[in-house]
Amino acid sequence: MNHKRILDSIESPQDLKGMSVSDLTTLCNELRTEMVKVTSQNGGHLASSLGAVETIVALHSLLDCPDDKIVFDVGHQAYAHKLLTGRRSRFSTLRQLDGITGFPNPDESPYDVHPSGHASDSLSIAMGLAKARDLSGTSNKIVALVGDAALSGGMAFEALNHIGQEQTPMVIVLNDNGMSISRPIGALVRHLGNLRASSQYRHTRDALQEAMEDRGPLTQGLLDLGRNMKESMKQFVIPHAMVFEQLGITCTAPVDGHDVGLLREMFSVALAADAPVLVHVVTRKGAGYAPAEASPEKFHGISAFDIKTGLTKKKPATAPTYTSAFASALMAEAKVDPDIVAITAAMKSGTGLADFAATYPERFIDTGITEEHALGLASGLAAGGKKPVVAIYSTFLQRAIDQVIIDNALPHQHTVLAIDRAGLVGDDGPTHNGVFDIAYLRMIPHMKIMAPSNEVELASALHTALADTSGPVALRYPRGEAEGAINPNGPETWKPGQSLVRRVGDDVAILAFGRLVNEALGAADLLAKAGIEARVVDMRWCKPLDEEAIAQAATTRLIVTAEEGVIAGGAGEGVLGVLAQRNLACPSLLLGIPDRFVEQGKIPALFKRLGLDAAGMARRIEQALRDKS
């Protein structure tokens, strides 16, 4: 006989009201089972979501969402939230094209407050919501759920300072699991670790537990924390502990984040306070699924896997990933150049720097989730005569544009930006697509930008970037498997702004950048069957552009630019600028990311939908030729 799950009866968080702690605990187990089942097929951010189950269940059992608000930081941990807020029947479409997104998405559900994709912003959003509530004279509750690693970000500290100053009632849930994507670093994280390990923490936690069991919620005690902080801290908070006290934010002792009953007690008191309260919740990333508990970093973001073993189901690769190709090229460069220093912002494994860190630990720096600091640090290293290579995802580099401009470009500092995940990333969707870097870097004086089209070109791009001491240099490369290209002669040094003709043709000139060079070659094959001969130029450089190649392209019937970035402000518009400056007239077609955010889905499917695959390019080129004739 099939046992009906509690989860199957949950259509909204209102269904949690009045449930016993025993039933809520059962529900937590059912949520974990559902998450593991779906992510084993679709992949996803499993470990973080497993660790936050009891926290989310406890909050939703007390809050009246969507009037009350839960603001997620990053959103990696939001799967239980999605399952409890009317999306259970569609959860099997998680991260799929036209399915539900892997992160909170206000366009998807009124329960999703903010499109949480980047770390350290939840406190600012929550503070804004709390201030709007106060100005409107309403009384809804505002909760921010933030991880220990995200709390180290500068934006989080700015918000904490403001929250403490304003004393606006809100609840901050610090999800302290000792992990970000890689293990977090820094003084604050070390401080939290010491706090978790201290005997005072354990004694205080046990005392709180006993007090709750004896007297129910510590209502008056924690309310006093908000009203008379200094005296209350002496009673309830570890004396040496928290920086939060100094900022004016009430802080509980760390509590077990997998005890839903205890969490309900703590949250109910915190939500009743008339001042900001931080509830310090200690969790295990991957909790409830043994393979994820054993390898939380692996299961932070994982592809489809076998539930029994936890082993991924990836097809055997025919070529290295672009990330591993970059990592190998950097190791080769570092072997002969002791001035190279590698920097990451909490993404050691994701950016391929694990081997570099092990081989050259004195030349490896992980700054934590602090992209702005990483770029400022790089400037200082360059000023000190070193060659910093900042390996960073395109979507995260957006957070440090000011530092790129003022700290690196303005003083001509020789820093290298190794921009991983440039272009569409697929399943993670709009918050993680790296489609803006060409546009926001092209505007910066002294900046050079390369877009290699395969792993051999990537090695040459890195070699060129390290040799060019005139200022900052960026090289952008996509996520996923490379092309399988081989070059036994080693990397070349490219002349700035010099392209490479990959195919000759006089009817159409396709000026392609990065990964789209290969799609352009496929389009040229299809066009040839229709009697249209297309020249394909691997532009290599987004800045400076090869002006002579552009001038030659203007002798054809149509200039086509193809880039895996936004058209607005991108390389294609740069090509049009060159044509205008040279007073050259030629019909043009700009292919790239249109003026909208691109949804989640497999990259081939997204390319097809956007008309950026070979067939789509050929079709659009034929149509443009017909229109312009």
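**A pocket and some backbone features of a predicted model**

The second largest pocket holds about 740 Å³ of space. Of the 36 residues that line this pocket, P115, G117, H118, P430 and T431 are the closest to its centre. A pocket is here an open set of points on a 1 Å grid over the protein atoms alone, with protein on both sides within 12 Å along at least five of seven lines, and a lining residue has an atom within 4 Å of a point. The volume is the space filled by probe spheres set on the points, which are joined across faces, edges and corners. The structure is a predicted model, in which local features need pLDDT of at least 70 and side-chain atom pairs count only at pLDDT 80 or more, while totals for chains, interfaces and linings use all residues. Residues are numbered from 1 along each chain as its sequence is written, and side-chain values use heavy atoms, with hydrogens and water left out.

Helix 6 (154-166) and helix 16 (371-383) each contribute at least two residues to the lining of the second largest pocket. The largest share, three residues, comes from helix 6. Helices (H or I, at least four residues) and strands (E, at least two) are DSSP runs, numbered from the N terminus. By residue class, the lining consists of 11 nonpolar, 15 polar and 10 charged residues. In this division Ala, Val, Leu, Ile, Met, Phe, Trp, Tyr, Cys and Pro are nonpolar, Asp, Glu, Lys and Arg are charged, and the others, Gly among them, are polar.

Two cis peptide bonds can be described. One joins C65 and P66, with omega about 10 degrees; P66 lies in the loop between helix 3 (53-62) and strand 1 (69-72). Another runs from K543 to P544, with omega near -5 degrees, and P544 is found in the loop between strand 16 (541-543) and helix 22 (547-553).

Positive phi values occur in V74 and H446, neither of them a glycine. In V74, phi is about 75 degrees, and the residue lies in the loop between strand 1 and helix 4 (79-84). V74 counts as buried because its relative accessibility is 11%. Buried means under 20% relative accessible area, exposed over 50%, and partly exposed in between (1.4 Å probe, protein chains only). For H446, phi is near 75 degrees, and the loop that contains H446 runs between helix 19 (437-442) and strand 11 (448-450). At 34% relative accessibility, H446 is partly exposed.

A disulfide is a pair of cysteine sulfur atoms within 2.5 Å, and by this rule the count is zero. C28 is buried at 1% relative accessibility, and C251 is buried with a relative accessible area of 1%.

Definitions and conventions
1 Å grid on protein atoms, 1.4 Å probe; cavity = no way out; pocket = protein on both sides within 12 Å on 5 of 7 lines; lining within 4 Å.
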